[in-house]
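Keep the viewer handy while you read.

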Amino acid sequence: MNTSKKRENSDFSEMDESNNFFKNIAYRYVPYWPVFLLTFVISIGGAWIYLRYQTPIYEASASILLKDDKNDNEGSNILESLNISGTKKNVENELVVLKSHSLMRQVVTELGLYAQIYQKGQLRDVLSFPSSPVKFVALYPDSIANAPHPIIFEYLPAKNAVKIDNKNYPLNTAVKTPYGTFQIFKSADSTSSFIANSKHPFTLQLNSIKTVAKQLLGPFSVSANSKQSSVITLKFTDQNPQRAEAILNTLINDYSKNEIEDKNTIASHTLQFLEDRLRIVNGELSKVEGDIQQYKSKENIVDVSEEGKMFLTSVQESDLKINEINIQLSVLDQVEKYVVKKGDAPGVVPGTAIITDQLLSQLLLKLYEDDLQLNRLRKVSGDNSPSIIDLKTQIEQLKPSILENIHTIRQNLLASRLQLQTDNNKLNASLKQVPQKERALVEISRDQLIKSGIYSFLLQKREETQLSLAASVSDSRIIDAAETNPLPIKPVKSNIYFICFAMGMLVSIAFVLVREVYNKLVLFRTEIFNGTYAPIIAEILFDPGDEPIKIKDGNNTVIAEQFRALRTALSYEGIRDDKNVILTTSSISGEGKSFLAINLAIAMTLANKKVALLELDLRKPKFAKMLKLSRENGIAEYLVGLATIDEIKKPLPEIPNLFVFTAGAPAPNPTELLLDKKLDSLIKELKNDFDYVIIDSPPVSLITDAKLLNTYADICLFVIRHNYTPKLYLKMIDEIYNSNQLNNINIIFNGIKPRGIFNQGFGQGYGQGYGYGYGYGYGYNYAEDVKKNKSNNIFKNIGRLFGKK
């Protein structure tokens, strides 16, 4: 048969299969379905166990709305028109405030999270919040330190006490323990189940407020919904959904409360400043009014002239403006003094209600808020902590901006006062034209009007400040209170099952790839096809039995049919008549060339052919043992002249027409014996007397005997054994084929096993069914093999799972 044509046909078949993706996948992995099933069960079981004992994490979320600093409709709110509502909030700044350590420490202190109670469980302790039987409240929370280990205690409801370290501590009373001074209260949220199990031990986990706040800030996040929105979303993740909601709600309440307290503090300081100024102006006004009354009585003046009234009206407006400027300058001086001489502790901010510059008011408010924040942090942190250092830096950066703003405002006020004083000088020149008595009265009345105007101005500001103090509201409102998603955010069951399933599949695929694709031994017919141009003439299935003869008259097993197919294929290769010498060889020992030679010889005899089977592997003879023949008088004896052809010819009684020529006694120089001319005589005589001469030769990779015997062969059957022959020998076979070192090489793929696990006798084999063999495993009497395979021990199949033979 034309080799190139066979290659072309095989190539077409290979291409046809490679184009069918799903067929290739099914071919490669379906035979290993038990592995996939096993890993599926293990992975899903592992996922279930992981989910069963993993602590679920829930997420609570809330949202608040800040006053929009872009929505500044004049007069839309009466409080805004009175400058009572305070400055609008900047979203970015409020995100930092909400995420601050000081605010979270307030939450920890208020909820008592520094003393968490857990109930002992079989695998893990369960957080008892808020339904713990008792609650530990520290009298000095800031003194609580991190406990080195959980504190085991027992709740004794009958004694109304708690037992710690074999000592009873009564409830509702301040008690001093080795871990701090506490008041232990019976929790109002405790359930009957806790009381019923009160004899079971509980554990108390004590941590400092600073430590707990830092831990809680990790799962806490705040974010603005968008750049254009003033809505802030707060999220907190925790193993206990009730605690997550409580933390968020308490944090929002403390945030609003701190904001109102800051507003009230500023309003109180402003009110105190106004009260002090009112007392001073009230005294000055009373004195001026007394002077007017005394002057009128002394000079008998009842009223001033119309000219004097006009002067008083003009000068009243001018002097009132000058005094307002003087008051503002006075406030600026106090503010400047406060900023320049301000120490580390927060001081009293001068009243800012009188300051008309909005920017300065905002800067002072920011400075005051930073002062308060610094004071809070100092209660729980050292001066060298990063947060305190950052606040100090921020305060120092604010001071130059405030002082520069004060300087600008002062210059503007001084310029305005100078202009007003110029106008007053003109009025004073006009006053000289008024009669002397009236002029003196006008001057005194002028002071009265000035003081009266200042007094009215201060009264107005005081009322505004009192209204601000009484009606302080937060600049934020709750849109959605904290609410927990009923489903945990982790672990997500679907994700865990999917990941474990995927890992199981990857392990199974890796198992198949390592077992087959990355195996260093020849497993697939395609590997032979890709490794050498030598044609594959037959495929022989693996048979686990010890009997070397697999084909007999009337035997229709799969292997018997494959040897019959091989016999037919040889006729297509021109083995007939005078071309009747067949040489069998292999790369290494153990690939089944002797097994092949014996059964091929028997297959020839079943076609009524007379066959001579020569064992010319003189170094490692096997025929005598395999066929239970005598080793005496073999080919070695013939070659050295100790025996004749008739003496070394050994028939098999159960197989007519088959004569075996065993190797004989071990020879010290087998290669030299094969070079003897007597071998030529032997082969010539056998070719004439027999229809076929089959020569079993040594492996070609070890010695040169096979190449010496090649001179007699009409065809060379090169045996490659499945899962035994190393792939690296395929290159050697191809070189032998291309260099014609052996005549008419044809490959026999021997010992093919069914693919997969627990799949003997079914499914596709490694040969894939191309060529003349039966790679798919179908035979005339296949049930016979199936029955035999079913009788195999289950442990042998398990051994195959791990690649054992």
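Let's begin with an aspartate: Asp 696 sits in strand S19, which covers residues 692–696. Keep in mind that this is a predicted model. The chain has 805 residues, 47% of which count as buried, and its secondary structure comes to 26 helices and 21 strands. Among contacts with a separation of 6 or more, 78% are between residues 24 or more positions apart.

**Asp 696 and its surroundings**

- Is Asp 696 buried or exposed? Its relative accessibility is 0%, and buried means under 20%, so Asp 696 counts as buried.
- The side chain of Asp 696 makes a polar contact with the side chain of Ser 594, at 2.7 Å.
- Once neighbours within four places in sequence are set aside, the contacts of Asp 696 include Thr 584, Lys 593, Ser 594 and Ala 597.
- Also on the contact list of Asp 696 are Leu 614, Glu 615, Leu 616, Asp 617 and Phe 623.

**The second largest pocket**

- If you want a volume to start from, the second largest pocket comes to about 620 Å³.
- Its lining has 25 residues, and those nearest the centre are Gly 590, Gly 592, Phe 595, Arg 721 and Asn 750.
- By residue class, the lining of this pocket splits into six nonpolar, nine polar and 10 charged.
- Helix H17 (593–605) and strand S21 (745–752) each supply at least two lining residues.
- Which element gives the most to that lining? That's H17, with three residues.

- Helix H14 runs over residues 493–517, which makes 25 residues.
- From first C-alpha to last, H14 reaches 34 Å, close to the 36 Å expected at 1.5 Å a residue.
- The buried residues of H14 are Ile 496, Cys 500, Gly 504, Met 505, Ser 508, Val 512, Arg 515 and Glu 516.
- Over in helix H6 (residues 101–111), the buried set is Ser 102, Leu 103, Met 104, Arg 105, Val 107, Val 108 and Leu 111.
- Just after H6 comes Gly 112, with a positive phi of about 70°.

- As background, most peptide bonds are trans, and most residues other than glycine have a negative phi.
- The peptide bond from Phe 129 to Pro 130 is cis, with omega near 0°.
- You'll find Pro 130 in the loop between strand S3 (126–127) and strand S4 (134–138).
- Lys 490 and Pro 491 are also joined by a cis peptide bond, with omega about -5°.
- Pro 491 belongs to the loop between strand S13 (476–484) and H14.
- Lys 628 isn't a glycine, yet its phi is positive, near 60°.
- The loop holding Lys 628 lies between helix H18 (623–627) and helix H19 (635–639).
- With a relative accessible area of 77%, Lys 628 clears the cut-off of over 50%, so it is exposed.
- Asn 723 is another non-glycine with a positive phi, about 60°.
- Asn 723 is in the loop between strand S20 (715–721) and helix H24 (728–739).
- The relative accessible area of Asn 723 is 17%, which is under 20%, so this residue is buried.

**Pairs separated along the chain**

- Glu 463 is part of helix H13, residues 436–470.
- The relative accessibility of Glu 463 is 45%, between the 20% and 50% cut-offs, so it counts as partly exposed.
- Ala 636 touches Ala 663 and Ala 665, leaving out residues up to four places away in sequence.

Technical notes
Residues numbered from 1 in each chain as written. Predicted model: local features only at pLDDT ≥ 70, side-chain atom pairs only at ≥ 80, totals over all residues. Heavy atoms only, no water. Helix = DSSP H or I, 4+ residues; strand = E, 2+ residues; numbered from the N terminus. Expected span 1.5 Å × (residues − 1). Buried < 20%, exposed > 50% of the residue type's maximum accessible area, 1.4 Å probe, protein only. 1 Å grid on protein atoms, 1.4 Å probe; cavity = no way out; pocket = protein on both sides within 12 Å on 5 of 7 lines; lining within 4 Å. Points joined across faces, edges and corners; volume = space filled by probe spheres on them. Nonpolar A, V, L, I, M, F, W, Y, C, P; charged D, E, K, R; others polar. Polar contact = N/O pair within 3.5 Å; in protein donor to acceptor, adjacent residues only side chain to side chain. Contact = heavy atoms within 4.5 Å.
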